[in-house]
Amino acid sequence: MNNPSDARKKLIILAALTGVIALLHYATPVEPHYYHKIHIVLRKLYFLPPVIAAAWFGLRGACATALTVSLLFILHAFLDWPGNYMEQANQVGELVGFWVAGGIPGWLFDRQRSLLQELANANEETLLGLVSALDLREHNTRLHSQRVREYTELIATRFGVDEKARREISFGALLHDVGKIAVPDRILLKPGELTEEEWREMRKHPEAGYRMLKRIGFLKEAADIVHAHHERYDGRGYPRGLKGDEIPLGARLFMVADVYDALTSQRPYKSPLSYEEAATEILNHKDSQFDPAVVTTFMAIAPEALRLIAERYQDGNYPEDNPAC
Ligand SMILES: [Fe+2]
């Protein structure tokens, strides 16, 4: 899907291309014979803008462009209408050709976009089902990962991350604990303190998650975030002890979001902290646990924006929790 600035750039390129073709077509004389050949080649170039518009904007864009080139072509034909019947028929045929050259690929590109969107939706639903099951197993809530994903996306947007990277970071945040599927229940759900050996087992989950996701084409970048989601800015995290900018940006953004969610969520063993208490806690770990630039970005976010996310992803808002939905 085109974002507005991409769409504007493409529109300018398309208008410039159509304008240049029209200018050269109108300016090139039909006499002598040598120029006439160039003139006819330029006339054929009118097919180009509708095809490009079909690829960039789909059927509606292709039709609008076919209309534009048709008007330019008709105006020229009136100015220089041939006496020869066959040439007249040829020009009418070309006119129809602009619509066919734009319309058919336009329809096909629209269809392709809609199928790709359906595929993306199916992937999203599958991943949501998986993380909901994992959240339910560990936290007795289905929406922890989705909430953390939303917080991470919000921080990433304010940090100036572009759309493509934001999508990858979003998957990384959603799937951060997917490796816990390999952690036995007796460790993951143990109510008391873990032993050293149990911690060693628990600390394998970023690596396990990384190995699960790295083979899935559209989750390759997300796999790097999953791998690094327990690193710390000062290098005292795990599994690799990465430090500072060695940690992928997505993981540095996620760390703040995850801790904010942990601090402000109700858990069986603790009450939720207020925004102010959680923000102070995060500020206290700037430079040690968190990237200071990310903390600065987080602190600039209005508490209301975070509160809206928390409200939207409260348990009870999950569709299956409400049979009426
Ligand atoms: Fe984790």
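Of the 325 residues of the protein chain, 30% count as buried, a residue being buried if 20 or more other C-beta atoms lie within 10 Å of its own, exposed if 12 or fewer, and partly exposed in between, with C-beta atoms placed from the backbone. This is a predicted model, in which local features need pLDDT of at least 70 and side-chain atom pairs count only at pLDDT 80 or more, while totals for chains, interfaces and linings use all residues. Residues are numbered from 1 along each chain as its sequence is written.

**Overall shape and make-up**

- The protein chain has 14 helices and zero strands, where helices (H or I, at least four residues) and strands (E, at least two) are DSSP runs, numbered from the N terminus.
- The radius of gyration of the protein chain, taken over C-alpha atoms, is 29 Å, which is well over the 20 Å that the globule rule gives for 325 residues, so the chain is more spread out than a compact globule; the globule rule itself is 2.2 Å times the number of residues to the power 0.38.
- Along the principal axes of the protein chain, the C-alpha trace spans about 95 × 45 × 35 Å.
- The chain is divided into domain 1 (4-114) and domain 2 (143-314), with bounds that come from an automatic or database domain assignment, and the C-alpha centres of these two domains lie 52 Å apart.
- Among the contacts in the protein chain with a separation of 6 or more, 62% are between residues 24 or more positions apart, two residues being in contact if their C-beta atoms, placed from the backbone, lie within 7 Å.

- I104 is found in helix 4 (residues 85-139) and is partly exposed, because 14 other C-beta atoms lie within 10 Å.
- Although I104 and G58 are 46 residues apart along the chain, their C-alpha atoms are separated by 9.6 Å.

**Nonpolar cores**

- The largest nonpolar core has 38 residues, of which V256 and A257 touch the most other members; such a core is a set of buried Ala, Val, Leu, Ile, Met, Phe, Trp, Tyr and Cys residues joined through C-beta atoms within 7 Å.
- The elements that give two or more residues to this core include helix 4, helix 5 (144-159), helix 6 (163-174) and helix 11 (249-264), and the largest share, seven residues, comes from helix 11.
- Leaving aside neighbours within four places in sequence, A257 is in contact with V148, Y151, T152, I155 and A173.
- Another core, of 15 residues, lies apart from the largest one, and among its members are L14, A66, V69 and A101.
- F254 lies in helix 11 and counts as buried, because it has 29 C-beta neighbours inside 10 Å.
- Not counting residues up to four places away in sequence, F254 touches T152, G172, A173, H176, I225 and H229.
- F254 and I169 are 85 residues apart in sequence and 8.1 Å apart in space, C-alpha to C-alpha.

- Most residues other than glycine have a negative phi, and most peptide bonds are trans.
- A cis peptide bond, with omega of about 10 degrees, joins Y238 and P239, and P239 has its place in the loop between helix 10 and helix 11.
- D245 lies in the loop between helix 10 and helix 11 as well, and it is exposed, because 10 other C-beta atoms lie within 10 Å.
- D287, which is not a glycine, has a positive phi of about 80 degrees.
- D287 is found in the loop between helix 12 and helix 13 and counts as exposed, because it has 11 C-beta neighbours inside 10 Å.
- L189 has its place in the loop between helix 7 (185-188) and helix 8 (196-202), and its C-alpha atom is separated by 8.3 Å from that of R137, 52 residues apart along the chain.
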